[in-house]
Amino acid sequence: EAPVLRRAADSECLAQYQARLIGTAGLLPSQRGMAPGTDHPADAWADKLENIWATCSERQVMSANEWRFFKVRPGNYPVRRLAAMSYLLLRYRKEGLLAGLKSILQEVTADNAGHNLETALLVNPDSFWGRYLDFGLPAGGGTIPALLGRERAAEIVTNVLLPFAAAPPGLPAKAREIYRNYHAPAENALVKHMRKQLGIERRGINTARRQQGLIHLYKTRCSQGKCNECPLNPVISDVG
């Protein structure tokens, strides 16, 4: 993080982060062929990001075509995830994102770890992102989804933070203790498929570790066409 950003006001620092993240991703309005902003106040934030990006020297820039929007809910658009990242960078800018999360991990107990770690990653929409789902896409009168909600935060904790902390020189003992009984995040289609394959009721997959076990089986056996080698093949046959 550049020293100038540490001294900047929060709103200015946030704009710098967002402009660089979204600009590098190729998802600013000008990079996606959107019409230029008008004098409407809602366009001021987008214009600010564009102006900041115009002064940046980044050369490695993605194309908007590399991102998938088809059949993605507007609340889950890539641009909103990048905006969420900018808020996290702002929140932990003094100590750094990883160091900030590790310090919280050190303080939590096995009983409150899930709630506290997820809360540390939550990003609720405000200002521009509280009114718009994407550039040029007003949110309307409905409930505005979080930029990063609790379900997504739980996935980040179980798939990224805890595995990273479990590797030396992190906090391996504590990370494993928390992971052992971490509640199961929202069930995805893959976990649901494997449950049905094995005839397991949903209440039987009540931890993140058990979900990961099903995903591991799918990736190392099912998706590889190794049904005959799978030690669970008799069980699957009986269920079928």
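Colleague: What is pLDDT, and where is confidence lowest and highest in the protein chain?

Modeller: pLDDT is the predictor's confidence in each residue, from 0 to 100. Where pLDDT is low, the predicted coordinates should not be read in detail. Here the protein chain averages 89. A score of at least 70 is reached by 91% of the residues. Confidence is lowest in helix α1 (residues 3-7), with a mean of 52. It is highest in helix α4 (residues 78-91), at 97. Helices (H or I, at least four residues) and strands (E, at least two) are DSSP runs, numbered from the N terminus.

Colleague: How do I read the packing of two helices?

Modeller: Two packed helices are described by the angle between their axes and the distance between the axes. Axes are lines fitted to C-alpha atoms, for helices over the stretch in contact. Angles run from 0 to 180 degrees between N-to-C directions. Take helix α7 (residues 150-166) and helix α8 (residues 172-180): their angle is about 145 degrees, and their axes are 7 Å apart.

Colleague: Which residues of α7 and α8 make the contact?

Modeller: Contact means heavy atoms within 4.5 Å. From α7 come Thr 158, Leu 162, Ala 165 and Ala 166. From α8 come Pro 172, Ala 175, Arg 176, Ile 178 and Tyr 179. Seven of the contact residues are nonpolar, one is polar and one is charged. Ala, Val, Leu, Ile, Met, Phe, Trp, Tyr, Cys and Pro count as nonpolar; Asp, Glu, Lys and Arg as charged; the others, Gly among them, as polar.

Colleague: What is in the loop between α7 and α8?

Modeller: Pro 169 is there. The peptide bond that joins Pro 168 to Pro 169 is cis, with omega near 5 degrees.

Colleague: How do I read a nonpolar core?

Modeller: In soluble globular proteins, nonpolar side chains tend to be buried together. A nonpolar core is a set of buried Ala, Val, Leu, Ile, Met, Phe, Trp, Tyr and Cys residues joined through side-chain atoms within 4.5 Å. Buried means under 20% relative accessible area, exposed over 50%, and partly exposed in between (1.4 Å probe, protein chains only). The largest core here has 52 residues. Ile 22, Leu 49, Leu 117, Trp 129, Phe 135 and Leu 162 touch the most other members. At least two residues come from each of α2 (10-24), α3 (44-54), α4, α5 (97-107), α6 (113-119), α7 and α8. The most come from α4, with seven.

Colleague: What is Trp 129 in contact with, leaving aside its neighbours within four places in sequence?

Modeller: The partners of Trp 129 include Ile 22, Trp 45, Val 79, Tyr 87 and Phe 135.

Colleague: How do I read a salt bridge?

Modeller: Side chains of opposite charge can pair when their charged atoms come close. A salt bridge is a side-chain nitrogen of Lys or Arg within 4 Å of a carboxyl oxygen of Asp or Glu. The whole structure has nine. One joins Glu 58 and Arg 20, at 4.0 Å from N to O. Glu 58 is in the loop between α3 and α4, while Arg 20 is in helix α2, 38 residues apart. Glu 58 is partly exposed at 30% relative accessible area, and Arg 20 is partly exposed at 31%.

Colleague: Where is a positive phi found in a residue other than glycine?

Modeller: Lys 71 has phi near 60 degrees. Lys 71 lies in the loop between α3 and α4 and is exposed, at 75% relative accessible area. Ser 127 has phi near 50 degrees. Ser 127 is in the loop between α6 and β1 (132-134).

Methods: Residues are numbered from 1 along each chain as its sequence is written. This is a predicted model: local features need pLDDT of at least 70, side-chain atom pairs count only at pLDDT 80 or more; totals for chains, interfaces and linings use all residues. Side-chain values use heavy atoms; hydrogens and water are left out.
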